[in-house]
Amino acid sequence: MDRVVLMLSVVCLGVSSQPITDSQRLFSIAVSRVQHLHLLAQRLFSEFESSLQTEEQRQLNKIFLQDFCNSDYIISPIDKHETQRSSVLKLLSTSYRLVESWEFPSRSLSAGSAPRNQISPKLSELKTGILLLIRANQDAAEVFPDSSALQLAPYGNYYQSLGADESLRRTYELLACLKKDMHKVETYLTVAKCRLSPEANCTL
């Protein structure tokens, strides 16, 4: 899937001979930002896994497979076929909800290394960019009639004082879910951006 997303990005940049619009510029910026976040999440997760003992990795992976990410409650395309059939506005609104769901849990990841401290501000920038794209396609009030309905509870008890084992599990789950969600958003935004190029082949 990662390779497909990269190929679509290249196609969208190169095949259309029509002038670049403001919307296309915004899409390019948004796709670039989510690609950076996805790569950052992959790197942080890999580094965290490498710091664990083999048995810790096995246990955490087993636990994570049984749990759900907080954002799994957000309705989104379940496969490439549904993604392909979804409208640009649906892909944008789903991406917005996914990014917004990280407003609280990302703060828990912002302690420690410099790369982790980049997560919250970069998510905020991406959220703003997606909202601008939504407003360019349709009034945001129609897409989000009740903004309070978008607020999801924080990931588990991330804000509480946890023991060493629980803290380890929480960090593992947060990084794994962040990687998963940024991959989704990257796919949705790339497909939506590709739709602006009439000559492009946006098939996943």
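Me: Where does leucine 44 lie, and why does leucine 44 count as buried?

Reply: Leucine 44 belongs to helix 2, where helices are DSSP runs of H or I with at least four residues, strands are runs of E with at least two, and both are numbered from the N terminus. Its relative accessible area is 4%, and buried means under 20%, exposed over 50% and partly exposed in between, with a 1.4 Å probe and protein chains only, so leucine 44 is buried. This is a predicted model, in which local features need pLDDT of at least 70 and side-chain atom pairs count only at pLDDT 80 or more, while totals for chains, interfaces and linings use all residues. Residues are numbered from 1 along each chain as its sequence is written, and side-chain values use heavy atoms, with hydrogens and water left out.

Me: Which residues does leucine 44 touch, not counting those up to four places away in sequence?

Reply: With contact taken as heavy atoms within 4.5 Å, leucine 44 touches Ser113, Pro115, Arg116, Ile119 and Leu175. Leucine 44 and lysine 179 are 135 residues apart in sequence, yet their C-alpha atoms are 9.0 Å apart in space.

Me: What makes helix 2 roughly antiparallel to helix 8?

Reply: Helix 2 (residues 22-50) and helix 8 (residues 119-137) pack at about 150 degrees with their axes 9 Å apart, where axes are lines fitted to C-alpha atoms, for helices over the stretch in contact, and angles run from 0 to 180 degrees between N-to-C directions. That angle makes helix 2 roughly antiparallel to helix 8, because angles over 145 degrees count as roughly antiparallel, those under 35 as roughly parallel, 65 to 115 as roughly perpendicular and the rest as oblique. Among the residues that meet are Phe27, Leu37 and Leu44 in helix 2 and Ile119, Leu126 and Leu133 in helix 8. By class, this contact has 12 nonpolar, two polar and three charged residues; Ala, Val, Leu, Ile, Met, Phe, Trp, Tyr, Cys and Pro count as nonpolar, Asp, Glu, Lys and Arg as charged, and the others, Gly among them, as polar.

Me: Why are helix 5 and helix 8 called roughly antiparallel?

Reply: Helix 5 (residues 88-100) and helix 8 pack at about 155 degrees, with their axes 9 Å apart, and they are therefore roughly antiparallel to each other. The contact includes Leu92, Tyr96 and Val99 of helix 5 and Ile130, Leu131 and Ile134 of helix 8, and its residues divide into 11 nonpolar, three polar and two charged.

Me: How do you know that serine 106 is buried?

Reply: Serine 106, in helix 6 (residues 105-109), has 2% relative accessibility and so counts as buried. Leaving aside neighbours within four places in sequence, serine 106 is in contact with Ile119, Ser120 and Leu123.

Me: What makes cysteine 69 and cysteine 177 a disulfide, and why is that disulfide called left-handed?

Reply: The S to S distance is 2.1 Å, and a disulfide is a pair of cysteine sulfur atoms within 2.5 Å, so cysteine 69 and cysteine 177 are joined by a disulfide. The torsion about their S-S bond is about -95 degrees, so the disulfide is left-handed. The pair links distant parts of the chain, 108 residues apart, with cysteine 69 in the loop between helix 3 (54-66) and helix 4 (80-85) and cysteine 177 in helix 10 (residues 164-194). Both cysteine 69 and cysteine 177 are buried.
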